[in-house]
Amino acid sequence: MSLPLVVGNWKMNTLVWQARELARGIRQHIELHHFDRSVRIVLCPPFVNLTAVAEELAGSSIDVGAQNCWTEPYGAFTGEISAAMLRAIGCRYVLIGHSERRTLFHENDAMIAEKLLRAWEAELVPILCIGETLQQRQLNQTWNVVENQLRGILSCQERSKKWVCAYEPVWAIGTGIAAEAEQIKEVHEFIRLLLNGRGCSHVPILYGGSITPENASVIFSVQNVSGGLVGGASLRVESFVAIIEAAAHAYRTRS
Ligand code: PGA
């Protein structure tokens with residue numbers, strides 16, 4: 001069984017000194033308790049803090065990821081950052097299609113498909129975020145939504161490359177209301193079947209949306225959950241480390 005993956009998405013938080021402090025604190029805890037042996041960890045700070053965080057994590061087992069990239073490799077796109085630029089400063093991962101990008105910045109599936117290609121070209125591991133809104137869930141559209149959001153990647157040649165799928169129900173993100181274990185179980189099972197049917201059994205499926213130290217153990221013990229994408233609780237060393245510990249524990253119990 002492969003190691004669980006826990007990703008911290010810091011969103012638009014941390015000044016550079018805070019980012020350094022947070023990364024250093026997480027590293028110290030992880031190394032002290034040897035969690036690096038049972039969990040893979042990725043920190044995704046804002047673009048301007050990536051280099052500082054990469055410096056803090058140099059020589060550790062913790063990877064750095066970006067929260068986004070642009071659809072083109074270079075050119076006249078004022079204010080944008082390419083996947084190749086991210087790779088060049090030490091990123092290994094990049095979040096693609098986070099629900100905040102889809103809603104607030106109007107990213108559509110075509111753009112997201114382009115970004116995935118750029119990520120692979122730059123040898124980054126894309127973490128594709130998918131998930132339904134509350135209204136879509138209430139209308140029983142979860143299955144269609146998730147399948148449609150995966151359609152682009154599942155029909156693409158590169159799907160056999162390394163990537164990660166993050167199921168994040170939009171209604172659970174930043175609301176303090178995580179999905180119930182049963183809800184997570186059925187959607188993850190559905191995604192697992194879709195991925196396995198298209199030659200993507202190697203792709204881990206993370207859950208994201210209001211993961212806390214209190215609910216992490218239950219979430220990580222759900223079948224087909226390979227780890228978590230953590231927002232708010234990744235901004236404090238104690239809470240993020242407690243979530244990592246829960247992932248390590250779930251892994252030890254399962255294997
Ligand atoms: P949250 O965010 O943990 O604060 O709900 C998760 C995410 O947006 O990835």
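**View 1. Helices α1 and α2 cross in a right-handed sense.** A crossing counts as right-handed if the near helix is turned clockwise from the far one by less than a right angle, and as left-handed if anticlockwise. The model is predicted, so local features need pLDDT of at least 70 and side-chain atom pairs count only at pLDDT 80 or more, while totals for chains, interfaces and linings use all residues. Residues are numbered from 1 along each chain as its sequence is written, and side-chain values use heavy atoms, with hydrogens and water left out. Helix α2 spans residues 50–57, and its axis lies 9 Å from that of α1 at an angle of about 25°. That makes α1 roughly parallel to α2 (angles under 35 degrees count as roughly parallel, over 145 as roughly antiparallel, 65 to 115 as roughly perpendicular and the rest as oblique). Axes are lines fitted to C-alpha atoms, for helices over the stretch in contact, with angles from 0 to 180 degrees between N-to-C directions. Helices are DSSP runs of H or I with at least four residues, numbered from the N terminus. On the α1 side, Val16, Ala19, Arg20, Ala23, Arg24 and Arg27 meet Ala52, Val53, Glu55, Glu56 and Leu57 of α2 (contact means heavy atoms within 4.5 Å). The residues of this contact divide into 6 nonpolar, no polar and 5 charged (Ala, Val, Leu, Ile, Met, Phe, Trp, Tyr, Cys and Pro count as nonpolar, Asp, Glu, Lys and Arg as charged, and the others, Gly among them, as polar).

**View 2. Helix α1 (residues 16–33) packs with helix α10 (residues 237–254), their axes coming within 10 Å and crossing at roughly 40°.** That angle makes α1 oblique to α10. The crossing of the pair is right-handed. Leu22, Gly25, Ile26, His29 and Ile30 of α1 touch Val237, Phe240, Val241 and Ile244 of α10. By class, the contact residues are 7 nonpolar, 2 polar and no charged.

**View 3. The axes of helix α7 (residues 142–154) and helix α8 (residues 181–197) come within 11 Å and cross at roughly 30°.** The two helices are therefore roughly parallel to each other. Their crossing is right-handed. From α7, the contact takes in Thr142, Trp143, Val146, Glu147, Leu150 and Leu154; from α8, Glu186, Val187, Phe190, Ile191, Leu194 and Leu195. These residues divide into 9 nonpolar, 1 polar and 2 charged.

**View 4. The ligand is surrounded by 13 residues.** The closest are Lys11, His98, Glu168, Gly174 and Ser210. An oxygen atom of the ligand is 2.7 Å from an N or O atom in the side chain of Lys11. A polar backbone atom of Ser210 is also 2.7 Å from a ligand oxygen atom, and for a polar backbone atom of Gly231 the distance to a ligand oxygen atom is 2.8 Å.

Technical notes. A residue is near a molecule or strand if one of its heavy atoms lies within 4 Å of it. A polar contact is a pair of N or O atoms within 3.5 Å; within protein, one must be able to donate a hydrogen and the other to accept it, and residues adjacent in sequence count only if both atoms are side-chain atoms.
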